[in-house]
Amino acid sequence: MIRRNTWILLIVLVGLVGFAFYVKNQKAKTIAAATPTSGPVFVFNSSVGSPNNIKIEDSFANSVEVSRNTSGTWVLKTPKEVAADQGSVEAASTQVGALRILSDVQLGPDIVGLDKPSYIITITFSGNQTHKITVGSVTPIQDGYYVQLDAGKIQIVDKQGIDALVGLMTSPPYAATLTPAVSATPTSQPDTPTAEATLTPPATSATGTSTKSP
């Protein structure tokens with residue numbers, strides 16, 4: 001028969017073993033939480049190529065669209081078919097490849113504004129792939145937007161990148177109109193018209209001069 005003291009020792013021993021496992025597990029979780037992920041995760045990878053066409057639509061049916069022509073120059077297609085400011089469009093195009101995913105979320109589309117999206121961004125790449133980003137509300141801490149890529153899972157994408165693309169709509173990238181320089185016209189002394197006198201020949205007598213007899 002096992003004595004009472006032995007039972008107490010066994011219970012204490014089991015408690016110590018359990019506590020040791022608990023501490024070890026908590027330590028592992030703490031280390032895992034403090035370890036950063038393998039690196040930033042981007043919406044698009046380099047395999048899709050570079051953007052050739054970007055179209056942005058808002059909830060009021062307004063839109064702006066830019067596209068590369070055959071020579072690789074950016075042009076506006078909507079709201080007007082005119083030349084585009086190359087620097088503005090190229091800066092926005094660069095942001096496409098830098099769109100960073102901050103996290104995935106398990107929320108309904110109606111909660112994060114994706115049932116009635118603020119913007120829809122459609123991008124066609126040089127690799128002939130077309131992708132659509134649906135943009136919902138800004139996150140409570142203002143660090144990103146709730147988005148869906150091709151109607152997939154809901155994610156938070158960094159705000160700076162989305163704002164750069166949406167900026168094409170709020171400020172369409174029209175090419176600057178160059179005002180021709182006004183050249184100074186040399187001032188010349190205007191010619192003073194000279195009044196030409198009209199000389200009236202003296203009136204001649206209709207009859208010749210008579211010769212008086214001496």
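Reader: Leaving out residues up to four places away in sequence, which residues does Asn53 touch?
Author: Quite a list: Glu65, Val66, Ser67, Trp74, Lys77, Thr122, Ile123 and Thr124. Keep in mind that we're looking at a predicted model.

Reader: Okay, and where is Asn53 found?
Author: Asn53 sits in strand β2.

Reader: Is Asn53 buried or exposed?
Author: Asn53 counts as buried, because its relative accessibility is 13% and the cut-off for buried is under 20%.

Reader: What does the side chain of Asn53 make a polar contact with?
Author: With the side chain of Ser67, at 3.2 Å.

Reader: Let's zoom out. How many helices and strands are there in the chain?
Author: There are 3 helices and 9 strands. Going along the sequence, they come in the order α-β-β-β-β-α-β-β-β-β-β-α.

Reader: And how much of the chain is buried?
Author: Buried residues are 25% of the 214 in the chain. The accessible surface is about 15,500 Å², and carbon and sulfur atoms hold 59% of that.

Reader: Which residues touch the most other members in the largest nonpolar core?
Author: Phe44, Ile54, Ile56 and Ile121 do, in a core of 29 residues. Several elements each supply at least two residues of this core, including β2 (51–58), β6 (119–125) and α2 (86–97). Helix α3 gives the most, with 5 residues.

Reader: Back to Ile54, what is it in contact with, leaving aside neighbours within four places in sequence?
Author: Among its contacts are Val64, Val66, Trp74, Val96, Ile121 and Leu165.

Reader: New topic: how many salt bridges does a search of the whole structure find?
Author: It finds 4. One of them pairs Arg68 with Glu90, with the closest N and O atoms 3.5 Å apart. That pair links distant parts of the chain, since Arg68 is in strand β3 and Glu90 is in helix α2, 22 residues apart.

Reader: Why can side chains pair like that?
Author: Side chains of opposite charge can pair when their charged atoms come close.

Reader: Which residue forms a salt bridge with Asp104?
Author: Lys153 does, and the closest N and O atoms are 3.2 Å apart. Here too distant parts are linked: Asp104 is in strand β5, Lys153 is in the loop between β8 and β9, and they are 49 residues apart.

Reader: Is Lys153 buried or exposed?
Author: Lys153 is exposed, with a relative accessible area of 54%.

Reader: What about Lys159, what does it form a salt bridge with?
Author: With Asp163, and the closest N and O atoms are 2.7 Å apart. Lys159 and Asp163 are 4 residues apart in helix α3, so about one helical turn separates them.

Reader: Last one: where is Gly161?
Author: Gly161 is in helix α3 too, and it is buried, with a relative accessible area of 0%.

Reader: Which residues does Gly161 touch, not counting those up to four places away in sequence?
Author: Gln95 and Leu99. Also, Gly161 and Thr94 are 67 residues apart in sequence, with their C-alpha atoms 9.2 Å apart in space.

How values were computed:
Residues are numbered from 1 along each chain as its sequence is written. This is a predicted model: local features need pLDDT of at least 70, side-chain atom pairs count only at pLDDT 80 or more; totals for chains, interfaces and linings use all residues. Side-chain values use heavy atoms; hydrogens and water are left out. A nonpolar core is a set of buried Ala, Val, Leu, Ile, Met, Phe, Trp, Tyr and Cys residues joined through side-chain atoms within 4.5 Å. Buried means under 20% relative accessible area, exposed over 50%, partly exposed in between (1.4 Å probe, protein chains only). Contact means heavy atoms within 4.5 Å. Accessible areas come from the Shrake-Rupley method with a 1.4 Å probe; for residues, only the protein chains shown count as cover. A polar contact is a pair of N or O atoms within 3.5 Å; within protein, one must be able to donate a hydrogen and the other to accept it, and residues adjacent in sequence count only if both atoms are side-chain atoms. A salt bridge is a side-chain nitrogen of Lys or Arg within 4 Å of a carboxyl oxygen of Asp or Glu.
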